[in-house]
Amino acid sequence: MNDLTVVVPVHNEDPEVVTKTYLDLISLGVKVIVVDDGHTMDLSFPYIGYPAHMGYGYALKQGIKAATTPIVCTMDGDGQHDAHDVAKL
């Protein structure tokens with residue numbers, strides 16, 4: 001799964017949920033790019049942040065542009081998806 005980056009756009013999500021999602025994805029051996037659209041959260045890991053809310057689509061595009069792997073997928077950071085399902089892709 002070294003060829004995969006998961007882009008996780010977030011906006012005012014629960015930082016604990018986002019952190020759990022990030023750690024779960026990292027444990028799978030994938031690269032993770034979290035994009036905080038509006039830069040309102042205090043996260044304890046590297047992420048892309050913007051000072052103003054630019055929108056979900058903009059956050060996705062910026063995360064995809066930042067990816068360096070040949071395969072990219074997206075996943076919401078609000079906990080509605082199980083990070084371990086990425087392996088099924």
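## Elements and model

The protein has two helices and four strands; helices (H or I, at least four residues) and strands (E, at least two) are DSSP runs, numbered from the N terminus. Along the sequence, the pattern of the protein reads β-α-β-β-α-β.

This is a predicted model, in which local features need pLDDT of at least 70 and side-chain atom pairs count only at pLDDT 80 or more, while totals for chains, interfaces and linings use all residues. Residues are numbered from 1 along each chain as its sequence is written, and side-chain values use heavy atoms, with hydrogens and water left out.

The average pLDDT (the predictor's confidence in each residue, from 0 to 100) of the protein is 91, and 100% of the residues score at least 70. Confidence is highest in β1, at a mean of 96, and lowest in β3, at 88.

## Overall dimensions

The C-alpha trace of the protein spans about 35 × 25 × 20 Å along its principal axes. A compact globule of 89 residues would have a radius of gyration near 12 Å, and the protein agrees with this, at 12 Å. That radius is taken over C-alpha atoms, and the globule rule is 2.2 Å times the number of residues to the power 0.38.

The accessible surface of the protein is about 5,100 Å², with 54% belonging to carbon and sulfur atoms; such areas come from the Shrake-Rupley method with a 1.4 Å probe, and for residues only the protein chains shown count as cover. Of the 89 residues, 40% count as buried. Buried means under 20% relative accessible area, exposed means over 50%, and partly exposed lies in between (1.4 Å probe, protein chains only).

Contact means heavy atoms within 4.5 Å. Among contacts between residues at least 6 apart in sequence, 67% join residues at least 24 apart.

## The sheet

The four strands form an open sheet in the order β3-β2-β1-β4, with parallel pairing. Strands β3 (48-50) and β4 (71-74) stand at the edges with a single partner strand each, so one side of each has no neighbour in the sheet. From one strand to the next, the twist averages 20°. Helix α1 (residues 15-27) packs on the sheet and touches β1 (4-10) and β2, and its direction makes about 160° with that of β2. For these angles, axes are lines fitted to C-alpha atoms, for helices over the stretch in contact, and the angles run from 0 to 180 degrees between N-to-C directions.

Two strands pair if DSSP finds at least two bridges between them. Strand β2 (residues 31-37) is joined to β3 by three bridges, the two running parallel, and β1 pairs with β2 in the parallel sense over six bridges. D36 in β2 stands opposite V10, and the bridge partner of D36 in β3 is G49. Strand β2 is mostly covered, with six of its seven residues buried.

K31 lies in strand β2. With a relative accessibility of 43%, K31 counts as partly exposed. Not counting residues up to four places away in sequence, K31 touches L4, T5, V6, T68 and T69. K31 and D82 are 51 residues apart along the chain, and their C-alpha atoms are separated by 16 Å.

Q62 is in helix α2 (residues 56-66). Its relative accessibility is 17%, so Q62 counts as buried. Neighbours within four places in sequence aside, Q62 is in contact with I48 and Y50.
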